[in-house]
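Good morning, and thank you for coming. Please look at the sequence and the structure as I show them, and I shall then take you through them step by step.

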Amino acid sequence: MPQAPVSANPFHDPLRFERRIPPCSVLIFGANGDLTMRKLLPALFRLAYERKLPSGFSIVGNSRTVMTHEQFRQKMRESVEKFIENSPFDTALWEDFERGIFYVPGDLSDPECYAALKLQLDEIERDRGTAGNVLFYLSTQPSFYASVVEQIGAAGLANHAGGGWRRVVIEKPFGHDLASAQELNRRISVVLPERNIYRIDHYLGKETVQNVLAFRFGNTIFEPLWNRRYISHVQVTAAESIGVEGRGAYYQEAGALRDMIQNHLLQVMATVTMEAPPYFDSDAVRDERAKLLRSIRILKPEDVDSHAVKGQYGPSRIGNETVPGFREEKGVSPTAQTDTYAAITFFVDNWRWAGVPFYVRTGKRLPKRVTDIAIRFHPAPMALFSSSPGASDSPLAAPNLLILRIQPDEGISLRFQSKDPSGGGMKLRPVSMDFNYGSSFGTRTPSAYETLLLDALAGDSTLYTRQDMVEASWRAVEPILNHWNNTNFEFPNYEAGSWGPKASDEMLARRGHEWRIP
């Protein structure tokens with residue numbers, strides 16, 4: 001096996017939560033927004049509670065709202081107290097933590113804003129010993145991404161005279177199609193090299209997604225079966241029970257395919273199906289994910305209708321509640337063609353997966369909130385126990401099934417056949433072996449943002465998306481988007497609270513498969 005290259009980063013260590021983070025600051029653009037208050041500050045405070053952050057660690061917030069340092073600190077305290085999960089709020093720790101929190105108001109289009117931020121960062125470097133290391137976090141509208149990075153460069157913030165590192169974290173969506181993703185990358189690459197650009201996908205920070213690598217490549221049990229000879233098909237489901245929750249105007253422009261499949265679910269699929277890297281290094285792991293994404297078959301326009309289903313939920317009554325359809329949501333056009341449900345059949349044209357369908361679906365107003373990966377193995381070659389209740393020669397008859405649960409209860413389940421001891425004869429019934437993170441380890445699972453922020457501060461980009469991966473995933477979905485944009489659909493075509501359009505079931509039935517109900 002080839003030797004892993006010596007990392008130029010002295011803090012690169014596979015043991016993420018045991019490595020040393022250098023002195024640094026995080027500058028959050030859009031610090032008065034929902035993401036900062038719900039996710040970023042609680043995650044950073046929890047890292048401080050776990051003693052994962054260095055001495056002198058500092059946070060600089062920026063938004064247009066005029067606030068003092070003290071007002072911003074109080075607002076962040078209220079957010080952390082409200083949104084920190086499964087953790088105590090340590091008042092003494094907060095009093096120390098907030099000494100490193102600062103705020104600089106200003107408009108993102110105003111060069112003076114960046115000059116003021118530079119002065120604040122220079123002051124923090126002198127007073128708190130951050131060595132000029134800065135992580136810029138773009139928690140802004142996507143339309144600002146390129147201009148903010150360009151302003152960072154123009155203000156001299158992209159480099160540090162003393163050798164401190166400068167990195168930028170960019171939230172999804174990274175472009176709204178292939179051309180815009182390439183243009184966005186062109187503009188930010190003028191300011192920062194690829195190694196300093198961190199495109200965040202919080203799904204890759206979830207423990208179960210990371211554990212896929214350990215499960216496959218740290219064990220010998222399943223890897224020999226992880227191919228077309230033994231696996232019938234794979235289902236990736238990301239279901240939400242809620243609607244657009246007041247974000248109708250945004251969601252009308254995005255839709256389920258762009259919002260979930262192009263980024264999150266294709267990255268999850270790539271992690272499940274990639275080849276083993278030669279060593280556990282960020283470039284090696286991302287190389288294999290990128291190869292897999294480039295191997296996804298690009299649909300021809302005439303094949304889209306048989307491989308992709310677009311849906312939009314209509315009104316319904318769920319329990320005692322009357323639920324509006326998408327077109328009745330605030331900010332949504334009564335003739336909107338937006339997909340609130342998308343189901344795609346992907347094929348991976350490589351030696352391992354040729355001919356195996358990957359069914360990927362996501363939707364809003366489905367019966368429950370769940371994200372999982374269901375891997376169905378081929379049935380036994382002969383129905384030896386066909387007299388057993390429920391057994392048949394059908395490939396749908398109680399298959400061996402491996403389920404990787406991403407949310408809400410992270411874990412892994414394996415279903416197989418066992419003899420039913422309740423009566424005579426060889427009667428089989430399916431049973432499950434379950435692994436649950438909480439009960440197995442007895443420790444708290446870090447949130448995705450804790451993991452990903454810690455990685456960015458350490459300079460580890462393993463769980464971040466590289467530009468070639470972004471482009472490959474856009475190429476996989478672009479023929480579908482183009483076809484859907486030129487087709488008028490009769491919506492709504494599924495009721496809120498159901499598992500989606502009938503056409504989605506028919507798509508699988510044509511290959512002798514059916515959706516698993518999570």
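Let me begin with a definition: helices (H or I, at least four residues) and strands (E, at least two) are DSSP runs, numbered from the N terminus. Arg-286, for instance, is found in helix H9, which covers residues 282–294.

Before going further, a word on the source. This is a predicted model, in which local features need pLDDT of at least 70 and side-chain atom pairs count only at pLDDT 80 or more, while totals for chains, interfaces and linings use all residues. Residues are numbered from 1 along each chain as its sequence is written, and side-chain values use heavy atoms, with hydrogens and water left out.

I turn to the chain as a whole. The protein chain has 14 helices and 18 strands. Its radius of gyration is 24 Å, close to the 24 Å that the globule rule gives for 518 residues, so the chain is as compact as a globular protein of that length. Here the radius of gyration is taken over C-alpha atoms, and the globule rule is 2.2 Å times the number of residues to the power 0.38. Along the principal axes, the C-alpha atoms fill a box of roughly 80 × 55 × 45 Å.

What share of the 518 residues is buried? Buried residues make up 53%; buried means under 20% relative accessible area, exposed over 50%, and partly exposed in between, with a 1.4 Å probe and protein chains only. Contact means heavy atoms within 4.5 Å. Among contacts with a separation of 6 or more, 79% are between residues 24 or more positions apart.

Let us return to Arg-286. With a relative accessible area of 5%, Arg-286 is buried. Neighbours within four places in sequence aside, Arg-286 is in contact with Ser-461, Thr-462, Tyr-464, Thr-465, Arg-466 and Met-469.

Next come two pairs of helices. Two packed helices are described by the angle between their axes and the distance between the axes. Axes are lines fitted to C-alpha atoms, for helices over the stretch in contact, and angles run from 0 to 180 degrees between N-to-C directions. Angles under 35 degrees count as roughly parallel, over 145 as roughly antiparallel, 65 to 115 as roughly perpendicular and the rest as oblique.

How do the axes of H1 and H2 cross, and at roughly what angle? The axes of helix H1 (residues 34–49) and helix H2 (residues 69–83) come within 8 Å and cross at roughly 85°. H1 and H2 are therefore roughly perpendicular to each other. On the H1 side the contact is made by Thr-36, Met-37, Arg-38, Leu-41, Pro-42 and Phe-45, and on the H2 side by Lys-75, Met-76, Ser-79, Val-80 and Phe-83. By class, this contact of H1 with H2 has seven nonpolar, two polar and two charged residues. In these classes, Ala, Val, Leu, Ile, Met, Phe, Trp, Tyr, Cys and Pro count as nonpolar, Asp, Glu, Lys and Arg as charged, and the others, Gly among them, as polar.

The second pair is H7 (residues 207–217) and helix H8 (residues 248–273), which pack at an angle of about 10° with their axes 9 Å apart. That makes H7 roughly parallel to H8. Val-209, Val-212, Leu-213 and Arg-216 of H7 meet Val-268, Thr-271, Val-272 and Thr-273 of H8 in this contact. The classes are five nonpolar, two polar and one charged.

H7 also holds Phe-215, which counts as buried at 14% relative accessibility. Leaving out residues up to four places away in sequence, Phe-215 touches Phe-222, Trp-226, Leu-402 and Ile-412.

I close with the backbone. Most residues other than glycine have a negative phi, and most peptide bonds are trans. Arg-51, in the loop between H1 and strand E2 (58–62), has a positive phi near 60°. Arg-365, in the loop between strand E13 (357–363) and strand E14 (370–377), also has a positive phi, of about 60°. Which of these is buried and which exposed? Arg-51 counts as exposed at 76% relative accessibility, whereas Arg-365 is buried at 12%.

Finally, a cis peptide bond joins Lys-172 and Pro-173, with omega about 0°. Pro-173 is found in the loop between strand E5 (166–170) and helix H6 (178–189). The bond from Phe-491 to Pro-492 is also cis, with omega near 0°.
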